[in-house]
Amino acid sequence: MKEELTQEERGRLIAEHYKAIIELLGEDPEREGLVKSPERIARAMQFLVSGYGKSAAEKLQSALFEENYGGSERVILVKGIEFYSMCEHHMLPFFGKVHIGYIPDTKVVGLSKLARLVEVYARRLQLQERMTQEILDAFVENVPNHGAIVMVEARHLCMQMRGVQKQGAVTTTYLYTGKFKEESKRREFFEMLNAPSIQGEESRV
């Protein structure tokens, strides 16, 4: 798509294509219930892939704070960050939770920025495996740390709504760097992850 197009112009073009798709699927795009659907779908799709216009580095670097948190051994964990993304293979949603742990060096990052980081990459046409890697890489590159670990647990509607139609399947991916290469540190992460939350035991996805 040409860079000079405005968001409004992009939306209009997307809507035109969706109107054609509705007709090709055998429906009447001029029917009362569908006449405004192309515009609605266009706005929804622009929101769902809005991560392309956002910078992970900018989000993370805007909230770094000098803090000595137990030297180079203590783990900080933010668990249960909800996300919704679109599978690039079928353009159907996959959704779940991201858990991010890290061992800080000289600075800590504002906790809300980890949720912002997830949004940058979730709001794109994605693969869960790639998203896991992108979140980890962006964190490691922008936050001083002795190690980081990212775990993603998700349900994929391309498995539930079509194809094999398996409703209970959950896909888990995780990657790590630095001190999390040590088994003891990974064990500490998973023990923290499985500990009851302040509101009691919570489900994974």
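Tutor: The model is a predicted one. Over residues 14-192, the chain is 39% helix and 28% strand, with its end C-alpha atoms 44 Å apart. UniProt, in an unreviewed entry, assigns the feature "domain: GTP cyclohydrolase I" to residues 14-192.

The structure contains eight salt bridges. One of them joins the side chains of Glu 30 and Lys 19, at 2.8 Å from N to O. This pair links distant parts of the chain: Lys 19 belongs to helix α1, whereas Glu 30 lies eleven residues away in the loop between α1 (7-24) and α2 (37-48). Glu 30 is partly exposed because its relative accessibility is 47%, and Lys 19 is likewise partly exposed, at 37%.

A further salt bridge connects Arg 31 with Glu 27, at 3.0 Å from N to O. Arg 31 has a relative accessible area of 40% and is therefore partly exposed; Glu 27, at 37%, is also partly exposed.

In helix α7 (residues 183-194), Lys 185 and Glu 188 are three residues apart, about one turn of the helix. Their side chains form a salt bridge of 3.0 Å, N to O. Lys 185 has a relative accessible area of 8%, so this residue is buried, the cut-off being under 20%. Glu 188, by contrast, is partly exposed at 25%. Both residues belong to a network of salt bridges that also includes Glu 73 and Lys 179.

Terms used:
Residues are numbered from 1 along each chain as its sequence is written. This is a predicted model: local features need pLDDT of at least 70, side-chain atom pairs count only at pLDDT 80 or more; totals for chains, interfaces and linings use all residues. Side-chain values use heavy atoms; hydrogens and water are left out. UniProt positions are given in the numbering used here, feature names are shortened, and annotations may be inferred rather than shown by experiment. Helices (H or I, at least four residues) and strands (E, at least two) are DSSP runs, numbered from the N terminus. A salt bridge is a side-chain nitrogen of Lys or Arg within 4 Å of a carboxyl oxygen of Asp or Glu. Buried means under 20% relative accessible area, exposed over 50%, partly exposed in between (1.4 Å probe, protein chains only).
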